[in-house]
Amino acid sequence: MAHFVPANLPDRIRHYIDGAFVDSVDGETFGVLDPVSNETYVQAAAGTQADIDLAVAAAKRAFDDGPWPRMKNRERARILNRIADQVEARDAELAELETFDTGLPITQALGQAQRAAENFRFFADLIVAGRDDTYQVPGAQVNYVHRKPVGVAGLITPWNTPFMLESWKLAPALASGCTVVLKPAEFTPLSASLWAGIFEEAGLPQGVFNLVNGLGETAGDALVKHPDVRLVSFTGETTTGQTIFANAAPQLKGLSMELGGKSPAIVFADADLDAAIDSTLFGVFSLNGERCTAGSRILVERSVYDDFVERYAARAKNIVVGDPHDPKTEVGALVHPEHYAKVMSYVELGKSEGRLVAGGGRPAGLDAGNYVAPTVFADVPSDARIFQEEIFGPVVCITPFDTEAEALELANAVKYGLAAYLWTSDLTRAHTFAHGIEAGMVWLNSHNVRDLRTPFGGVKASGLGHEGGYRSLDFYTEQQAVHISLAPVHTPKFGATPLVE
Ligand code: NAD
């Protein structure tokens with residue numbers, strides 16, 4: 001198969017610290033693979049403690065002495081809007097790099113640049129229109145909230161949709177007036193370097209944005225433990241989140257955690273089945289299934305179960321798997337051979353845990369690259385590992401249910417609680433069932449379509465805190481309460497009465 005390679009690949013990927021691209025202090029690098037050939041296409045600087053120290057020092061200087069935290073919101077918003085313009089202008093370039101580095105289909109990578117731009121516009125709007133609380137106690141007190149940026153934020157991101165997920169953290173952190181050190185995922189460091197040029201052209205002051213590439217256990221770990229990093233916003237696996245939580249505990253850092261998922265899609269017999277099939281296929285097979293909110297467990301009411309499984313499997317077999325750069329491709333190549341091996345091990349396991357009705361291995365005709373045929377297992381019991389564990393690939397379980405109570409029990413029978421998708425035409429059931437689901441986000445008769453104002457986040461093992469909307473600004477800012485007395489305050493007079501001997 002012809003293999004598309006972008007024309008403008010860098011000859012190496014470096015850190016960006018205090019306004020300059022630099023190599024690691026010790027000169028170390030790591031190889032980055034592209035998921036179609038699995039060959040090393042570039043070396044990236046491998047950051048360690050020394051590089052993190054330099055980046056955090058630059059961010060701290062920019063925070064303590066620079067203009068960014070002190071700028072009027074309108075001024076910051078102008079720069080955020082210019083950043084959005086830059087991101088949009090590089091839409092095609094970005095999508096090509098992202099597709100090449102991650103293996104995501106080009107048509108799905110294109111939307112991500114636009115979404116990243118929207119994030120900057122959204123937070124620009126929010127800080128300009130924002131207001132804070134005052135509390136009146138007539139004749140006695142006025143209390144008001146003085147909001148200020150927390151300081152240096154450490155941002156640690158995963159490899160699925162890297163650029164867009166970086167924007168989820170960069171936009172609110174910068175809008176709040178924080179300065180940042182970004183540690184992108186080591187599987188996909190290519191697009192993160194673009195931020196430096198975008199920010200420079202938009203006029204972001206020097207030192208506000210810093211980027212250190214490298215492995216999680218070295219560069220990421222040093223960032224989490226650095227005493228001058230006051231906040232860590234992390235998106236990634238639940239187990240990594242637990243490690244970061246423990247490492248941040250001694251310094252009591254602010255933590256925002258967007259973690260794994262195993263989200264249910266519940267299809268009742270009264271649903272519009274055509275729409276439910278379209279949506280649940282897209283919900284798990286878009287973004288190669290490497291999607292935290294993937295609806296990877298489909299629960300279907302028994303009376304329509306056989307029909308649903310048959311139609312679903314037929315469609316899954318028809319999904320176009322292939323070169324991520326081909327606009328016809330619906331599922332591309334998984335990000336890395338290690339991840340491919342993990343997904344394939346679940347595909348094999350599934351053959352003994354459920355009934356294979358589509359896929360089940362490498363698609364015919366694609367002998368190299370990390371390709372997995374969209375794989376569907378039916379009749380999967382809730383204690384199966386493929387039902388319980390996040391696979392993060394194009395693999396889905398389907399399980400029948402008889403009653404609403406059973407459906408709710410199955411929906412909640414995993415440790416995760418990120419998203420849920422509910423298909424029914426019964427209005428009352430839609431709401432009561434949604435309220436009973438242990439998930440941070442529920443979509444009724446829809447896949448994941450999110451207005452940027454709404455909170456994004458999970459419960460249980462899927463996360464702590466929320467990204468999105470004003471909640472992100474709450475995370476990156478301190479809310480200092482200032483209390484003003486309008487009248488003499490009653491004060492007990494300690495020590496005013498002479499002691500009687
Ligand atoms: P990962 O946890 O392996 O890595 C995420 C980031 O953490 C990477 O940058 C990595 O280098 C870094 N890291 C690893 N160990 C570290 C350590 N000890 N200290 C500091 N940093 C460390 O996750 P991944 O495989 O890159 O991403 C896939 C996971 O992300 C899936 O579980 C998926 O569900 C989750 N995810 C969640 C959301 C969400 O919003 N809830 C969104 C996207 C992805």
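The model is predicted, so local features need pLDDT of at least 70 and side-chain atom pairs count only at pLDDT 80 or more, while totals for chains, interfaces and linings use all residues. Residues are numbered from 1 along each chain as its sequence is written, and side-chain values use heavy atoms, leaving out hydrogens and water.

**Who surrounds the ligand**
- The ligand is surrounded by 30 residues (each with a heavy atom within 4 Å of it), and the closest are K183, E186, T240, L259 and E390.
- By type, this shell divides into 14 nonpolar, nine polar (Gly counts here) and seven charged residues (Asp, Glu, Lys and Arg).

**Polar contacts** (pairs of N or O atoms within 3.5 Å)
- A polar side-chain atom of E186 lies 2.5 Å from a ligand oxygen atom.
- For E390, a polar side-chain atom is 2.6 Å from an oxygen atom of the ligand.
- E237 takes part through its backbone, with a polar atom 2.9 Å from a ligand oxygen.
- Taken alone, the ligand exposes 860 Å² (Shrake-Rupley method, 1.4 Å probe), and the protein buries 93% of that.

**Where the ligand lies**
- Domain 1 (12-258 + 469-482) and domain 2 (264-444) both give residues to the shell, so the ligand lies between them; the bounds come from an automatic or database domain assignment.

Conventions. Polar contact = N/O pair within 3.5 Å; in protein donor to acceptor, adjacent residues only side chain to side chain.
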